[in-house]
There are 2 protein chains.
Amino acid sequence: MPDRCTYFVPGPTWVRPAILQELTRPMIGHRSAEFRELFTRINADLKPLFTTTQDTFIVTSSGTGVMQAALENCVARRVLVTTCGAFSERWYQIAESLGLEVDRLDAGWGKAINPDALADHLARHQRTHYDAVTITHNETSTGVTNDVGILAAVIRDAAPDALILADAVSSLGGIPVKFDEWNLDVCLASVQKCIGLPPGITVAAVSQNALDRAKKHPYRGTYFDFLSYVERAKDNSVPSTPSIPHFYALAAQLENIVRAEGLEARFTRHLQMRDLVHKRVQQFGKVAGDPSHASATVTAVEPAMSAEKIRAEMKQRGYTLGGGYGQWKERTFRIGHMGDMPVEDVEAMLDVLGEVARG
Amino acid sequence: MPDRCTYFVPGPTWVRPAILQELTRPMIGHRSAEFRELFTRINADLKPLFTTTQDTFIVTSSGTGVMQAALENCVARRVLVTTCGAFSERWYQIAESLGLEVDRLDAGWGKAINPDALADHLARHQRTHYDAVTITHNETSTGVTNDVGILAAVIRDAAPDALILADAVSSLGGIPVKFDEWNLDVCLASVQKCIGLPPGITVAAVSQNALDRAKKHPYRGTYFDFLSYVERAKDNSVPSTPSIPHFYALAAQLENIVRAEGLEARFTRHLQMRDLVHKRVQQFGKVAGDPSHASATVTAVEPAMSAEKIRAEMKQRGYTLGGGYGQWKERTFRIGHMGDMPVEDVEAMLDVLGEVARG
């Protein structure tokens, strides 16, 4: 049954067989008319996905690459990283690996970033100049969604010169992202989460302020230079040879997301999947992350019995669930409910999980 | 006739339909047992491809990304770049974009790097400390192959502390690369040339000296940190989410290259394709690059009539040829004869080209 989803890892997520077939189209060069046509369609559909009229582009790398790119292009000296789990902490690690000065505001594992705590931190550090502040929209390790719009407003108010760098890796395409309305400066997302593609490329939106800041950094390298991506996008291409198969699949998948299913219906389906998961989890355990910020795309589950045993038994029955992550590795397992999964397939999996997890 | 090659661009090259189908396998996580098994097979087969027993790994980026990585990991201050066309010049541009001090030894467009000129340059700059010297094995813009083994021996002799960074983008899998015998420190290759895959990932080999040098650079970033790739490879994985479809296809293609066809037979086929192209080109023009260093994988052709007209007419007849590049954009067109192309398909294309190019 290759058309049925039995794979519920929080990324890479299940990919529909029809979309996988898009990967097999014949090769074209990235300076050809065919590629420019493909790029034009993709880039037009990325705008509604990010809810932006500003610059968007595609990088052939994982999301980690474009997180690094955001720091390389936008931060000369010091950055504030807001953390609430393993993937928000990745900003911290990358900033350190680049030799940047980094401050951290930590909400604690499984909590959302509190806007008052952020306002308070920025007020107490009024004389610290932050080039940027990072926000993780959806923390994949704990299943918690941050209120990016509210947090961004706090930053705009308290630190108007700080650029806002947002990781939407496990939200874009599953939870609304409002790049312009929220006044973000960089927003990036891998495609193997809610966009429902195989991993290999990352999509991004950037503001004029971010580009202006990049212009002031003479040594931002070549591969992750935002200015070169924006410049080449004007000619409907990319600076260096991209993953052509991913471009084919992205074009088809954006057609599906933006027009066939439609963004509103897609967001609603993600909420339905989440609510279904939450309801069933009560039968054998609990949701581990802060329920008031429960993610629409991934749930960390704390069962009464061993999480590892449940995953192993589910694997035997043909279902793959995600493991716990970082501090919660032992206590939890994770269910990815994202991308193109039909609600019925989530329900079918939960029926089996209910049997297994009650021991 | 999707199984026949009609696409003769010097990368991305034609990909066999069976290999394209490998891209469509179901998703797996890059920390799963399935992925580790896949990685183990790939990494074992990369060793004979580079003719090395040292560390090899795979980066999800274009070749340009790993050229930048080589400079970021291995060069603290100053690098010598040897140039003979557009792609060897890319090393220069990337080094400048990173704020490194760069010297250049230029052989002239269409020529190979002269070992005596390199020895002479290094002798005259005895007091210049070069952290590294770059060599481009096969210059894709002109169809010229450099004698990497001889050039590397010159460097080892005259500048023993300089690391040797080699771009094998359009040679690996089509022309022998002897990483250990030539004493290289970094060698990288995109997969969309002689390896016969779609673009999207880059393979690399690194020496212990390169890794020791990287250890001394505290701020080498995260995404292109060679040490993290080598460390993760010990556990048969990669540091961040890779292009899973490319890993499937690479495993199948290395099986084909290393065992089904065999490396020696593959190198011989590339020489046959080159010799066939050279012979036929005499009928309507000439080979543009230095004939004593003619590439086995790409030929820049200088026809008697307009190169652009020939390409347009060939396109009408169903064949795609490569355009001229850089300084030779107007004067030449390029024929890619690399990867999995059958000799018969090259011959069939040349029959048509003969008619077209004689006007």
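Reply: The second largest cavity holds about 30 Å³ of space. A cavity here is a set of points on a 1 Å grid over the protein atoms alone where a 1.4 Å probe fits but cannot get out; grid points are joined across faces, edges and corners, and the volume is the space filled by probe spheres set on the points. This is a predicted model, in which local features need pLDDT of at least 70 and side-chain atom pairs count only at pLDDT 80 or more, while totals for chains, interfaces and linings use all residues. Residues are numbered from 1 along each chain as its sequence is written, chains are lettered from A and ligands numbered from 1 in the order in which they are written, and side-chain values use heavy atoms, with hydrogens and water left out.

Me: Which residues line the second largest cavity?
Reply: Its lining, meaning residues with an atom within 4 Å of a point, includes Ile58(A), Tyr223(A), Tyr229(A) and Pro242(A). By class there are five nonpolar, three polar and no charged residues.

Me: And what is the volume of the largest cavity?
Reply: The largest cavity has a volume of about 40 Å³. Among the residues that line it are Val59(B), Tyr223(B), Pro239(B) and Phe247(B).

Me: Changing topic, how much area do chain B and chain A bury between them?
Reply: About 3200 Å² is buried between the two chains, 64% of it on carbon and sulfur atoms. Buried area is the accessible area (1.4 Å probe) that two parts lose on being put together, summed over both. In chain B, the residues that lose the most area to chain A are Met27(B), Thr222(B) and Tyr223(B), together 17% of what that side buries.

Me: How many residues does each chain bring to the contact?
Reply: Chain A and chain B each bring 45 residues, where contact means heavy atoms within 4.5 Å.

Me: How many salt bridges cross that interface?
Reply: Two are found between chain B and chain A, a salt bridge being a side-chain nitrogen of Lys or Arg within 4 Å of a carboxyl oxygen of Asp or Glu. Lys315(B) and Glu34(A) form a salt bridge through their side chains, at 3.4 Å from N to O.

Me: What about the whole structure, how many salt bridges are there over all chains?
Reply: The search finds 49. One of the salt bridges joins the side chains of Glu101(A) and Arg78(A), at 2.7 Å from N to O.

How values were computed
On a 1 Å grid over the protein atoms alone, a cavity is a set of points where a 1.4 Å probe fits but cannot get out, and a pocket is an open set with protein on both sides within 12 Å along at least five of seven lines; lining residues have an atom within 4 Å of a point. Ala, Val, Leu, Ile, Met, Phe, Trp, Tyr, Cys and Pro count as nonpolar, Asp, Glu, Lys and Arg as charged, and the others, Gly among them, as polar.
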